[in-house]
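Hello,

Please look it over, then read the notes below.

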Amino acid sequence: MSANSSFELKHDWTEAEVHALFNLPFMDLLFQAQTIHRANFTPNEVQVSTLMSIKTGACPEDCKYCPQSGHYNTELEKEKLAEVEKVLSEANRAKEKGATRFCMGAAWKHPSEKDFPYVLEMIKGVKALGLESCVTLGTLNDKQAQMLSEVGLDYYNHNLDTSPEFYDSIITTRSYQERLDTLSRVRDSGIKLCCGGIMGMGEEQRDRIGLLRQLSQMTPHPESVPINMLVKVEGTPMANVDDLEPFEFIRTIAVARIMMPMSHVRLSAGREGMNEQMQALCFMAGANSIFYGEKLLTTPNPEAHKDMQLFDKLGINTEKTEALSDEAEKEALLVQVKKQQEDRLFYDASVHV
């Protein structure tokens with residue numbers, strides 16, 4: 001396949017076509033992915049988001065990778081829905097550090113009628129700060145999706161996790177079709193999609209191919225595609241699964257970039273276990289979005305100052321906010337990082353958002 005043909009938005013990738021991409025020589029694959037990336041995005045620019053857990057633990061789902069599942073003993077301290085004022089305080093801190101998007105995650109199967117109004121207030125407050133808003137709340141019905149749209153929610157995160165064929169090996173409390181139905185409701189309500197998956201759960205390459213094909217079949221493609229590396233947590237059934245070979249993970253990033261050329265591909269959970277060289281190759285492969293902060297939801301994430309040090313080495317800038325220039329934004333981020341406040345609720349993309 002020529003690089004030029006990959007510039008077209010395509011929603012009917014065949015398994016054979018995607019398999020061929022995965023089997024390109026590594027440097028050829030990265031060259032093609034970076035060429036497509038530069039045709040659609042500003043080179044050397046990465047979108048920065050911060051993720052906060054607004055309700056932690058006791059989730060009724062049995063996702064085998066997740067420390068927040070009530071089915072497993074991971075010694076995670078359970079927390080009720082955070083107060084609106086506390087969430088908005090964290091959002092303001094995120095903005096001061098240079099984030100342009102604030103994401104809020106709740107460990108729910110679906111939002112409760114009692115708590116949902118508070119989430120709507122959080123979204124309104126985040127928007128009033130001039131930040132993009134994103135939430136992950138589990139399964140939605142039509143009314144909930146519409147209400148989120150009416151308060152101006154920008155993104156809804158709802159990952160497919162893996163291929164349809166491997167899905168039942170990971171989750172039994174919610175079907176693949178239920179996930180697709182929620183994504184359809186979100187899209188119909190006019191909200192952008194943040195949807196990706198988790199690598200390294202014991203799946204095979206054909207499952208990574210199946211996941212990317214599912215994502216690319218959406219019209220339009222998800223605006224944000226998180227590619228997570230499994231963070232193994234003691235107490236979960238996947239605590240001892242074999243590690244995914246790093247080059248295979250980078251290949252997955254590159255193939256996602258080629259298949260969904262206009263989507264932000266987020267290098268998400270698992271960055272704590274990646275050295276600078278591996279992260280640099282992920283950016284070369286087309287990743288152009290990250291979470292930063294000490295945690296994503298309940299697992300470690302590289303601290304913000306380490307991200308900025310890596311960005312300096314690579315000559316990468318963060319996507320501009322309306323209020324700050326590149327230099328002012330970077331300076332504000334570095335200043336804020338030095339005074340790491342005690343009450344830290346920034347969560348690692350290890351909760352796979």
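Where is the place of N44? N44 sits in the loop between α2 (26-40) and β1 (45-55). Helices here are DSSP runs of H or I with at least four residues, strands are runs of E with at least two, and both are numbered from the N terminus.

The model is predicted: local features need pLDDT of at least 70, side-chain atom pairs count only at pLDDT 80 or more, and totals for chains, interfaces and linings use all residues. Residues are numbered from 1 along each chain as its sequence is written, and side-chain values use heavy atoms, with hydrogens and water left out.

Backbone first. N44 is not a glycine, yet its phi is positive, near 60 degrees. D161 also has a positive phi, near 75 degrees, in a residue other than glycine. D161 belongs to the loop between β4 (155-157) and α6 (164-167). D161 is buried, at 2% relative accessible area (buried is under 20%, exposed over 50%, partly exposed in between, with a 1.4 Å probe and protein chains only). N44 is partly exposed, at 40% relative accessibility.

P220 lies in the loop between α8 (205-216) and β7 (224-229).

Now a helix pair. α1 (residues 15-22) packs on α8 at about 120 degrees, axes 10 Å apart. Axes are lines fitted to C-alpha atoms, for helices over the stretch in contact; angles run from 0 to 180 degrees between N-to-C directions. Contact residues (heavy atoms within 4.5 Å) include V18 and F22 of α1 and I209 and L212 of α8.

Best wishes
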